[in-house]
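Colleague: Thanks for sitting down with me over this one. Shall we walk through it together?

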Amino acid sequence: QVQLVESGGGLVQAGGSLRLSCAASGRVFSILGMGWYRQAPGKQRELVATITSGGSTNYGDSVKGRFTISRDNAKNTVYVQMDSLKPEDTAVYYCNAQTVRVGLTADYWGQGTQVTVSS
């Protein structure tokens, strides 16, 4: 089992910045990669960014060039720095960890943190 605790959400004006953090605990040695997804009201959950244990990153098209994901392996924590925020970035942001154990992968999710961008 892996537990994920997110922090850093809040209300910000358009053009502003926020940094989200996600701390993992439990079977952290089994984590292959971590990332962030978001879900706005009435929309499907979408990719924000992911980062592998080796540091390779992937971003959703809507956040490329504005968001930066990073990882502190010593703290088992992943961050996403969100700059140039837009009202359309308003959503609940969820931390994700993908693990592997005896060849089987599993996904774990945090409880979500609200990000609201005002125009």
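Colleague: Happy to start with the strands. Which residue in S3 is the bridge partner of Val-2?

Modeller: A word on the source first: this is a predicted model, in which local features need pLDDT of at least 70, side-chain atom pairs count only at pLDDT 80 or more, and totals for chains, interfaces and linings use all residues. Residues are numbered from 1 along each chain as its sequence is written, and side-chain values use heavy atoms, with hydrogens and water left out. Strands here are DSSP runs of E with at least two residues, numbered from the N terminus, and S1 (residues 2-7) pairs with S3 in the antiparallel sense. Within S3, the bridge partner of Val-2 is Gly-26.

Colleague: And which residue in S8 is the bridge partner of Leu-18?

Modeller: Two strands pair if DSSP finds at least two bridges between them. S3 and S8 (residues 77-82) run antiparallel and are joined by 6 bridges. In S8, Leu-18 has as its bridge partner Met-82.

Colleague: Now Ala-14: is it buried or exposed, or partly exposed?

Modeller: Ala-14 sits in the loop between strand S2 (10-13) and strand S3 (18-26). Buried means under 20% relative accessible area and exposed over 50%, with partly exposed in between (1.4 Å probe, protein chains only). Ala-14 has a relative accessible area of 42%, so it counts as partly exposed.

Colleague: What distance separates the C-alpha atoms of Ala-14 and Leu-85?

Modeller: Contact means heavy atoms within 4.5 Å, and leaving out residues up to four places away in sequence, Ala-14 touches Leu-85, Pro-87, Val-117, Ser-118 and Ser-119. Ala-14 and Leu-85 are 71 residues apart along the chain, and their C-alpha atoms are separated by 5.3 Å.

Colleague: Where does Val-102 lie, and why is it called exposed?

Modeller: Val-102 is in the loop between S9 and strand S10 (104-109). Although it is not a glycine, Val-102 has a positive phi of about 45°. Val-102 is called exposed because its relative accessible area is 77%.

Colleague: Last one: how many residues are in the largest nonpolar core?

Modeller: A nonpolar core is a set of buried Ala, Val, Leu, Ile, Met, Phe, Trp, Tyr and Cys residues joined through side-chain atoms within 4.5 Å. Leu-4 is one of the members that touch the most other members, and its contacts beyond four places in sequence include Cys-22, Met-34 and Cys-95. The number of residues in this largest core is 29.

Conventions: Helix = DSSP H or I, 4+ residues; strand = E, 2+ residues; numbered from the N terminus.
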